[in-house]
Structure formats: C-alpha cells, structure tokens
Amino acid sequence: MTRVSYIFVLVSLAIALVTLTCTHATTIDVVNNCQYTVWAAASPGGGQQLNQGQTWTLNPPDGTKMARIWGRTGCTFDANGNGHCTTGDCGGVLNCQAWGTDPMTLAEYTLAQPDNPTDTIDISLVEGFNIPLDFTPTTNGCRGPTCQPDLNPNCPAALKTNGGCNNPCTVFNTVEYCCTPVRGSCGPTNYSQYFKTNCPDAYSYPQDDPSSTFSCPQGTNYKVTFCP
C-alpha cells in the first residue's frame with residue numbers, strides 16, 4: 001500500500017467513526033417564552049437561569065433514560081449558586097444534581113434503548129403543575145405533547161399551593177391518588193380530570209400511559225418551551 005493510499009484509508013476510517021458517533025446524537029433546546037425569569041433544570045444536565053427569550057441547549061448521551069426537564073420559579077441564588085426556589089427546587093442549588101420538589105410541570109424522556117429503538121417522551125403532571133410547557137420534536141416529523149394553559153388560577157382549592165397546583169398524590173398520599181403499591185390499583189379521579197381536561201396530552205395520574213406517551217425515531221432533536 002502506498003503512503004497516499006494509507007493516509008486515505010486512515011482519513012476514511014476517521015470520518016466513518018465520527019459519522020457513527022454523531023448519527024444518533026440528540027439536541028434539546030430549552031426555551032423560556034414566559035414574561036418572567038425561569039430557572040430551567042434538567043436531570044441529567046444541571047440548571048440554568050433563563051430570562052425571557054433565552055435558550056439553554058442540552059446534549060444528553062445516547063441511551064439516556066428516566067430523564068426530566070422542568071422549570072423553577074421564584075428563585076434566589078447567591079454568587080455560589082446556593083439558594084431556594086418556590087417551585088421545582090432541587091436541593092437549594094442552581095446546578096441541579098437531584099430531582100426537583102413538587103409542584104412542577106415535567107418534560108420526561110428516554111432515548112432509544114437496545115430493546116426499544118425509539119425515543120419516548122411525555123409531559124407529566126403527576127408531580128403537579130407550575131408552568132405551561134411544550135415538548136416539540138424539531139426533526140423527523142413526529143408529534144410531541146403540549147400543556148399550554150395556565151392551570152394555576154383555577155386549580156382546585158385542595159391542591160393550591162404557593163406558585164403552583166399540586167397533584168392529589170402530593171396532598172393526600174393515598175393509594176387512590178398515588179397508585180401504589182401495586183400497578184393497576186387506581187384510575188382517574190375528579191382531581192386528575194382537572195389536569196386531563198385542560199392538558200389532554202399530559203399524564204394526569206401515574207397510570208395514564210395510553211394517551212400520554214409519545215414516540216420518535218432515534219436521533220430526533222427536541223425543543224422544550226416554557227409558556228409556549
């Protein structure tokens with residue numbers, strides 16, 4: 001093999017490796033369209049203050065599962081990133097290392113797995129509601145869920161809390177609302193119907209899977225928008 005041929009083979013292999021590595025890379029843009037500051041949070045991903053119109057870009061690793069993105073409101077942080085949020089607080093830090101606290105509107109996703117070659121995405125109100133949210137695929141032509149109405153003003157009195165609307169499981173902690181300890185042990189309730197009526201795409205209680213789970217091809221890119 002000549003030197004030129006050898007170099008050509010090496011370059012071809014490098015290009016093939018880069019192409020293979022990048023084929024399924026997923027990008028998620030988190031956009032704040034609200035007329036107020038939202039402190040975005042992601043697990044995995046950390047946290048970022050987003051003023052109106054700002055975007056935070058995430059690049060989760062292939063195969064990421066049980067991931068979530070949410071917005072925090074009413075936050076105050078010091079120069080070291082320590083503080084507190086009224087809703088969605090994640091251990092009192094700007095750069096989240098843990099899941100947040102109720103109430104919070106969740107964008108959840110699992111990227112393609114060996115036994116399931118598609119991404120799975122949803123919006124969940126199982127941990128309550130704080131901000132309208134849209135989870136939009138931006139490539140591959142698939143549809144994602146949306147929850148555009150502000151559910152806070154008309155939140156049932158028993159679920160109202162500072163800055164948001166709790167899910168009944170958080171408030172009452174009973175099998176009827178939390179669907180524990182056995183799967184299949186509960187169904188929709190008057191409280192969950194409030195969420196479902198206003199946001200038909202979203203999970204309104206833990207076993208609301210059939211109408212609340214969306215799938216996209218592996219490698220799809222997404223946009224999560226607060227106040228769509």
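Cys155 counts as buried, because its relative accessibility is 4% and buried means under 20% relative accessible area, with exposed meaning over 50% and partly exposed lying in between (1.4 Å probe, protein chains only). The structure is a predicted model, in which local features need pLDDT of at least 70 and side-chain atom pairs count only at pLDDT 80 or more, while totals for chains, interfaces and linings use all residues. Residues are numbered from 1 along each chain as its sequence is written, and side-chain values use heavy atoms, with hydrogens and water left out.

A disulfide, defined as a pair of cysteine sulfur atoms within 2.5 Å, joins Cys155 to Cys165 with an S to S distance of 2.1 Å. The link of Cys155 and Cys165 is right-handed, with 80° about the S-S bond. Cys155 lies in the loop between β11 and β12 (160–161) and Cys165 in strand β13 (residues 164–165), so the pair ties together parts that are 10 residues apart in sequence; helices (H or I, at least four residues) and strands (E, at least two) are DSSP runs numbered from the N terminus. Cys165 is likewise buried, at 0% relative accessibility.

## The Cys147–Cys199 link

Cys147 and Cys199 are joined by a disulfide with an S to S distance of 2.0 Å, and this link is right-handed, with 65° about the S-S bond. The pair connects distant parts of the chain, 52 residues apart, with Cys147 in strand β11 (residues 146–147) and Cys199 in the loop between α4 (190–198) and β14 (214–217). Cys147 is buried at 1% relative accessibility, and Cys199 is buried with a relative accessible area of 1%.

## The Cys169–Cys178 link and the total

The sulfur atoms of Cys169 and Cys178 are 2.0 Å apart and form a disulfide, and the torsion about this S-S bond is about 105°, so the disulfide is right-handed. Cys169 counts as partly exposed at 22% relative accessibility, whereas Cys178 is buried with a relative accessible area of 8%. By the distance rule for sulfur pairs, the count comes to 8 disulfides.

## Lys196 in helix α4

Lys196 is found in helix α4 and counts as buried, at 15% relative accessibility. The side chains of Lys196 and Ser212 are joined by a polar contact of 3.0 Å, a term for a pair of N or O atoms within 3.5 Å in which, within protein, one must be able to donate a hydrogen and the other to accept it, and residues adjacent in sequence count only if both atoms are side-chain atoms.

Contact means heavy atoms within 4.5 Å, and, not counting residues up to four places away in sequence, Lys196 touches Asp201, Ala202, Ser204, Asp208, Ser211 and Ser212.
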